[in-house]
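Here is a short briefing for a first look at this structure. Start with the strands, then turn to the rings.

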Amino acid sequence: MTLTPPASDSTVAVADNESSNAFPIANPDKPQAACVIVLDTSRSMRGAPIRALEQGLAAYRDYLANDAEAKLIVETCVITFSDEAKVLHPFSSVDSLPPVELSAGGWTSMGAAIDLALQQIEDRKALYRDEGVDYYRPFLVLITDGAPTDLRGPRLAECAAKLQEGARARKFTPLFFGTGNANFGRLKELVGDTGTVAGIDGARFEEFFQWLSKSVSGLKDSKPGEVVTFADPTRPSVEAPNPFAFEV
């Protein structure tokens with residue numbers, strides 16, 4: 001039997017008592033670095049992949065928690081998507097980021113997740129401005145092992161235009177990663193030339209999240225508005241002779 005995803009676009013759903021009760025800015029005297037992590041929790045992620053994602057997030061949290069300066073500036077939001085997209089944890093400092101439990105099932109509502117992520121970013125930046133807090137360009141990080149089931153026809157073009165226009169306007173930096181049977185062609189359509197699209201070797205999510213935490217924490221050595229570069233995850237280095245990521 002062939003399974004067919006729902007004909008209508010998936011709706012955006014926000015987890016109860018999460019984004020509606022945003023965390024206050026823990027360290028408003030410091031410029032803030034917002035990082036929204038968008039995770040595919042569709043049915044193809046069942047088993048070892050979803051557990052590896054949990055372990056990776058734990059590594060990300062531990063790295064930031066052990067960096068005395070980075071923990072003061074990095075705020076993280078976690079969004080998951082399957083049949084719908086939801087905020088699993090709204091933006092907060094690492095001290096308020098709990099261990100994350102994930103479950104897999106359903107389709108791949110990536111379009112709804114991207115819309116939700118962009119809204120969370122804009123809402124958080126508005127809070128920074130209201131509170132007079134400087135901030136770095138946010139990161140929008142997405143991990144998937146498949147293809148969106150809610151981006152067909154004009155909806156795909158609309159989502160791609162929104163992403164690319166926002167990135168060009170320096171509203172955020174998109175970093176999209178795929179593993180397994182990820183549709184890299186679709187990811188490239190979405191991001192265009194405005195961000196990064198790369199593959200993850202197997203389910204090496206712990207290494208990925210260690211790289212991400214180092215990249216975000218590195219902002220502490222720069223000033224808001226400066227162009228910040230981070231290590232290319234697809235290139236071998238002394239620290240990582242066998243990169244977790246590959247070019248696509």
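From strand 2, Val74, Thr76, Val78 and Thr80 point one way, while Glu75, Cys77, Ile79 and Phe81 point the other way. All of these residues are buried. The model is a predicted one.

- Strand 2 spans residues 74–81 and is mostly covered, with 8 of its 8 residues buried.
- In a regular strand, side chains alternate between the two faces of the sheet.
- Strand 1 pairs with strand 2 in the parallel sense, over 8 bridges.
- In this pairing, Leu39 stands opposite Thr80 of strand 2.
- Strand 3 pairs with strand 2 in the antiparallel sense, over 6 bridges.
- Here Phe81 stands opposite Ala85 of strand 3.
- A hairpin of 3 residues joins strand 2 to strand 3.

**The whole sheet**

- The sheet is open and holds 7 strands, in the order 3-2-1-4-5-6-7.
- Its pairing is mixed.
- Strand 3 (85–93) and strand 7 are the edge strands, and each pairs on one side only.
- From one strand to the next, the twist averages 25 degrees.
- Strand 1 (residues 33–40) and strand 4 (residues 139–144) run parallel and are joined by 5 bridges.
- Leu39 also has a residue opposite it in strand 4, namely Ile143.

**Aromatic pairs**

- How many aromatic pairs does the structure hold? There are 11 aromatic pairs.
- Phe177 and Trp211 form an edge-to-face pair, because their ring centres are 5.7 Å apart and their planes stand at 65 degrees.
- Phe177 lies in strand 5 (residues 173–178) and Trp211 in helix 6 (residues 205–217), so this pair ties together parts that are 34 residues apart in sequence.
- Phe177 and Trp211 are both buried.
- Phe184 and Phe246 also pair edge-to-face, because their ring centres are 6.1 Å apart and their planes stand at 70 degrees.
- This second pair links distant parts of the chain, 62 residues apart: Phe184 is in helix 5 (residues 184–191) and Phe246 in strand 7 (residues 245–247).
- Phe184 is buried, at a relative accessible area of 18%, whereas Phe246 is partly exposed, at 35%.

**Cluster and charge**

- One aromatic cluster is formed by Tyr60, Phe139, Phe177, Phe208, Phe209, Trp211, Phe230 and Phe244.
- Which ring does the charged end of Arg43 sit over? It sits over the ring of Trp107, 4.6 Å from the ring centre.

Terms used:
Residues numbered from 1 in each chain as written. Predicted model: local features only at pLDDT ≥ 70, side-chain atom pairs only at ≥ 80, totals over all residues. Heavy atoms only, no water. Phe/Tyr/Trp six-rings, centres within 6.5 Å; stacked < 30°, edge-to-face > 60°. Helix = DSSP H or I, 4+ residues; strand = E, 2+ residues; numbered from the N terminus. Buried < 20%, exposed > 50% of the residue type's maximum accessible area, 1.4 Å probe, protein only. Lys NZ or Arg CZ within 6 Å of the ring centre and 35° of its normal. Pairing = 2+ DSSP bridges. Axes fitted to C-alpha atoms, helices over the stretch in contact; angles between N-to-C directions.
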